[in-house]
Amino acid sequence: MAEKIMLIDGNSIVNRAFYGVPLLTNGEGRYTNGVYGFLNILFKLLDEEQPDYLAVAFDLHAPTFRHRTFDGYKGTRKGMPEELREQMPLLKEVLQAMHIPIFEQEGFEADDILGTLSALAEKNGIVPVVVSGDRDLLQLAGETLKVRIPKTKGGRTETEDYYAADVQAKYGVTPAEFIDMKALMGDTSDNIPGVPGIGEKTAAKIITQYHDIETAIAHAAEIKPKKASENLAAYQEQARLSKFLATIVRDMPLEWDKESLKIGDMFNQTAYELVKRLEFKSMFSHFEGSASAPKQAEQTYRFVADREGAKEVLAALKKGEVGYAFVYENEEGQGLALYQEQLGGVWIEASMAFLMQELLEIFQPFFADSAYRKIGHDVKKDIRFLRSYGYNGFTAEFDTAIGAYILNATGSSYEYDDIAATFLNETYPSQEEVFGKGRTKKAFAALPEAERTAYGARQAEIFFRARKVMEERLAENEQKSLFYDMEMPLIYVLADMEKYGIKVDKAALLAYQKRLGESLDGMEEEIYALAGEKFNINSPKQLGVILFERLGLKGGKKTKTGYSTAADVLEKLRTAHPIVERILHYRQLAKLKSTYADGLLAVMDAETEKIYSTFNQTITATGRISSTEPNLQNIPVRLELGRELRKIFIPESAEFCFLDADYSQIELRVLAHISGDESLIAAFKSNQDIHRMTASQVFHVPFDEVTPLQRSNAKAVNFGIIYGKGAFSLGQDLGISRKEAEEYINAYFARYPKIKTFMEDTIKNGAKNGYVSTLWNRRRNMPELQSSNFMQRAAGERAAMNMPIQGTAADIIKLAMIKVHRALQEGGYRSRLILQVHDELLIEAYKEEKDAVAKILKENMEHAADLLVPLDVDVHEGASWFEAK
DNA sequence: CCAGTCACG
DNA sequence: ACGTACGTGACTGGA
């Protein structure tokens, strides 16, 4: 079989890739999506074509012979976006590392290089395959020369393939005629003029009949329509010029050196290192089969499945650092993996013959003794698991999931394979790759013994070794205290909160659900009547049609998919039609019923009638914790009907009551501290109504004469400042002009100049360092700040200004939780912390301890941090969350 | 699986 | 001139 060469149009493929793959950055903050997309296309096509030779051609910035012939050539083309431009050297670096030849030649475009190389290849008996995103290349298609046009769609790459016959079939012209067609119709993207008045349709007709422009010009008089006929005659020189510009050169001066094009050791160590640095995990596998890939997991692990073996392992275990990992399948423990340097990796498996209960019993001394300094991953999960077997008090020294999160809070996941890739530069199959997914998912027990062993023991080893790397990086970042004194201790607080859960008044919740259901039924009928037909009110699409087409309301398009029917749009239409108000009301009730009434009942434990949320410590970019299944941090409170729902959250028994403590204005206080603004600090020190104070200072009115409107406007300004909000949207919210809003903001910054300085410095340092941080050195990487895209940079700047404020507040309440938890434990109280909602703690207090606990709460929260302003905490008591708020 | 919507701090 | 507030999670409809 003939040999094959693949020739790639570098610029056009990287462009396609860039726009087809969402903007990605790696941990260093470099944009990588263009390179990623390019390599994806490259690997896929290499796999399909199996070529023997390979080359990539790029355009240079220098003008080409086409520019010299025609000044306007490519004059309309916009430059590459900065986010892509900075990836070009990176792409070339990767190609070089893979020993893929790169062609660039002054005076010529990539097209010409491809045209010439493909011609040379054919002359030398090698079959060319040309890859480009640009249809101009179709003129090269031939009997054996295939042109492939890849498209990246939703992460997948599809290609359109063209031999000469395919071009004929699709466009009705031969590849050579394709050039003549373009000469007539022109090309705005390259600024090829063509002939005025001749577009794609007419050009196709003319070329199908006359085959080339010279013949067509000779027969210009016969051509219809008249306009085309006249213009073709009048602009024949322009047509010839256009043909010249559109023709790809196939004989430019180029050395043919076959050997240098031969595909060599592409998947080598240098390239692998680069791909790892770029964090292209899905590509690692390409490198693994090759001899130069790093060794990994060649080590053999021990498999143990009985009492005697387990006891031996325990005896061999030394006090000191130990990597450990439980393997779970649907919350059920399959076994325990341990790793120490002198021990190696061991997988101890539970089974019908060796129950998990026995396994845990044997290892009880290990779990109970903190001289075994345990390094695990998602320790909270292990605490819960051990507790379900009656073992309490488990502690670990290091949680690698949390370590990875502290070192990069914006990571997408922190699974063991992510940890190994990030900290050890090693790649392992992910959980999904081991077990599959969906209906073809395999059970753990279905894997061969050697795989089960490797899967478990490998994790314990990864955690053990990654800890050392993390430790160094935490030290470099001065984040050891954040990690060891805040995040690690918090694990046990959250584990307890998840253990206690919160009791639900089931009867009241059912009644609430029923009440909502009945209201909704009635409203549905009313809305159908007003609309004049039945439709699905929950479908924004159908609702949009009803409102803006059938009823003719003016709202216009807003979203990509059609009309926006969001609350703020409907709010403006409230008076336009009676249906609008009912829809808003319907939406409110529907939300309460589906998310809260139905949703909470679905997750309530039938046995205990409690709800057990999960608190996640590695999700948010700012350091807050999040709550899932259910989310207990977004229970309604702002509107009365929703707030009623809080009556169903009650203490576990009559011996308990709720104490709810919340920080007053914590974010503004943090802002006062971090910025050091004397005026704002003074306001908090004198314990004044801060929004009234701001109003008085910004609007220049005496404190006592501030009107309610001024106060509420000042409040909006205060919040706007925290979020980096601009004049436009502040004006929207307050219903004032952009100009007025701007004046408010200017007055604000004039009055509080250090806040302005703080914002500016945060952005400046963020851009310089690539991250912003809190008072406790929590970091958020912010590569967006270096973006040249206005929108992305502006959004990045807002996030950058907000993170130190929101994040420091998060740090403070975390410290408070640890203190409160410790004080309750050490004081031997039965009261316990059960919920955190960002600036609020909910305690289930043993009634006899109520007053003492209220004091503990207030003291520990107010003294969790020592700022330039006092922290102020309000504590309320009640027989439900509703009452205690 | 994504977009739209809406609940919270 | 750009488009327009930070951070979350859950539910619904519809490709």
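The charged end of Arg 646 sits over the ring of Trp 881, at 4.2 Å from the ring centre; a charge counts as sitting over a ring if NZ of Lys or CZ of Arg is within 6 Å of the ring centre and within 35 degrees of the ring normal. Lys 647 lies over the face of Phe 882, 4.6 Å from the ring centre.

This is a predicted model, in which local features need pLDDT of at least 70 and side-chain atom pairs count only at pLDDT 80 or more. Residues are numbered from 1 along each chain as its sequence is written.

Tyr 324 lies in strand E8 (residues 320-329) and Phe 394 in the loop between helix H19 (379-388) and strand E12 (398-399), so the pair ties together parts that are 70 residues apart in sequence. Helices (H or I, at least four residues) and strands (E, at least two) are DSSP runs, numbered from the N terminus. Tyr 324 counts as buried at 0% relative accessibility, and Phe 394 counts as buried at 5%; buried means under 20% relative accessible area, exposed over 50% and partly exposed in between (1.4 Å probe, protein chains only).

Ring pairs also link Tyr 324 and Phe 394 into a cluster, whose members include Phe 326, Tyr 328 and Phe 363.

Terms used. Chains are lettered from A and ligands numbered from 1 in the order in which they are written. Side-chain values use heavy atoms; hydrogens and water are left out. Rings of Phe, Tyr and Trp (its six-membered ring) pair if their centres lie within 6.5 Å; planes under 30 degrees apart count as stacked, over 60 as edge-to-face and the rest as tilted.
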